[in-house]
Amino acid sequence: MGEHEEKHEESLMVKLAEKIHGHDSSSDSDIDEPSESSIKAKVFRLFGRQRSVHHVFGGGKSADTFLWRNKKISAGVLGVATVIWVLFELLEYHLLTLVCHVLIFALVILFLWSNAYAFINKSPLCIREVHIPKDPVIEFAEALRFETNLAFTVFRDIASGRDLKKFLYVIAGLWILSIVGSWCNFVTLFYIVFVLLHTVPVLYEKYEDKVDPFAEKAMHEIKKQYAVFNANVLNKIPRGPSKEKKKD
């Protein structure tokens, strides 16, 4: 009986040691292996974004349209933009002429349909009244006012001469935009931007794991070239002494 009890105690000790060893090894593996969230946090994303492409575009119906979540709506919006571009550019329609022709067509259709409906059903056609709601107009005006004030604030900060880097970026961007504007008119430029918004984001979302490494290399090279330009050119530009505001 004594030998049997000793063997039983030894087997229990062995099992307990195995459980402790297995727990330690699992805890060590948890410590050694980084979590998926930490791995994703270290991955370079274009423009330093931390959110998905859908959230960057607002996460609403506009993002669904640009990223082709609903293919019928996205194709319809792109088709309408294409028709407008064809009318103004290829057929050389003017805005006032187009509006008048659309109103003439709508009035003729409604007039004929009203008379046909009254002749068939012996009662006049009830056309619904159309009213523009107040709240969306106020929200749009508030958003436009906020963005305009923000643009004026940014323009003031750049013109104040505090940030030379931002000043050069804006000057270069406006210069490139002026060159592109000389190649085509505003309608064509707007249509090109609209088509790019319907193609580039969805392609980037599909192949972002392949695009981001190339973008990381490009950004690293741009920063290196800018550092050389900053050391050889920008730092040699004489600047006046910075005046600090006196605290009352």
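1. Start with a charge over a ring. The charged end of K217 sits over the ring of F214, 5.9 Å from the ring centre. This is a predicted model, and the points below should be read with that in mind.

2. Helix α10 covers residues 208-232. With 25 residues at 1.5 Å a residue, helix α10 should span 36 Å. Its end C-alpha atoms are 35 Å apart, which agrees. The buried residues of α10 are E208, D212 and A215. These buried residues pack against α3 (53-56) and α9.

3. An α-helix has 3.6 residues a turn, so residues three or four places apart point the same way. K224 is partly exposed at 42% relative accessibility. E221 is partly exposed too, with a relative accessible area of 35%.

4. How many salt bridges does the structure hold? There are three. Side chains of opposite charge can pair when their charged atoms come close. Another of the three lies in helix α7 (residues 134-159), where E142 and R145 are three residues apart, about one helical turn. The N to O distance for E142 and R145 is 3.1 Å. E142 has a relative accessible area of 42% and is partly exposed. R145, with 47%, is partly exposed as well.

5. R69 and E205 form a salt bridge with the closest N and O atoms 3.0 Å apart. This pair links distant parts of the chain, 136 residues apart. R69 is in the loop between α4 (61-66) and α5, while E205 is in helix α9. R69 counts as partly exposed, at 44% relative accessibility. E205 counts as partly exposed at 24%.

6. Now the aromatic side chains. The structure holds four aromatic pairs. W85 and Y191 form a stacked pair, 5.1 Å centre to centre with 10° between the planes. Where do the two partners sit? W85 is in helix α5 (residues 71-90) and Y191 is in helix α9 (residues 186-206). They are 106 residues apart, and the pair links distant parts of the chain.

7. Is Y191 buried or exposed? Y191 counts as buried, because its relative accessibility is 17% and the cut-off for buried is under 20%.

8. The rings of W113 and Y117 make a tilted pair. Their centres are 6.3 Å apart and their planes are at 50°. Both residues lie in helix α6 (residues 95-121), four residues apart, so they are separated by about one helical turn. Y117 is partly exposed, with a relative accessible area of 27%.

9. F186, F190 and F194 form a cluster, linked by ring pairs.

10. Last, the record. An unreviewed UniProt entry annotates "transmembrane region" over residues 73-88, 94-113 and 167-197. In the model, residues 94-113 are 95% helix and 0% strand, with the end C-alpha atoms 28 Å apart. Residues 167-197 are 94% helix and 0% strand. The end C-alpha atoms of residues 167-197 lie 26 Å apart.

Notes
Residues numbered from 1 in each chain as written. Predicted model: local features only at pLDDT ≥ 70, side-chain atom pairs only at ≥ 80, totals over all residues. Heavy atoms only, no water. Phe/Tyr/Trp six-rings, centres within 6.5 Å; stacked < 30°, edge-to-face > 60°. Helix = DSSP H or I, 4+ residues; strand = E, 2+ residues; numbered from the N terminus. Buried < 20%, exposed > 50% of the residue type's maximum accessible area, 1.4 Å probe, protein only. Lys NZ or Arg CZ within 6 Å of the ring centre and 35° of its normal. UniProt positions renumbered as here; feature names shortened; annotations may be inferred. Expected span 1.5 Å × (residues − 1). Contact = heavy atoms within 4.5 Å. Salt bridge = Lys/Arg side-chain N within 4 Å of Asp/Glu carboxyl O.
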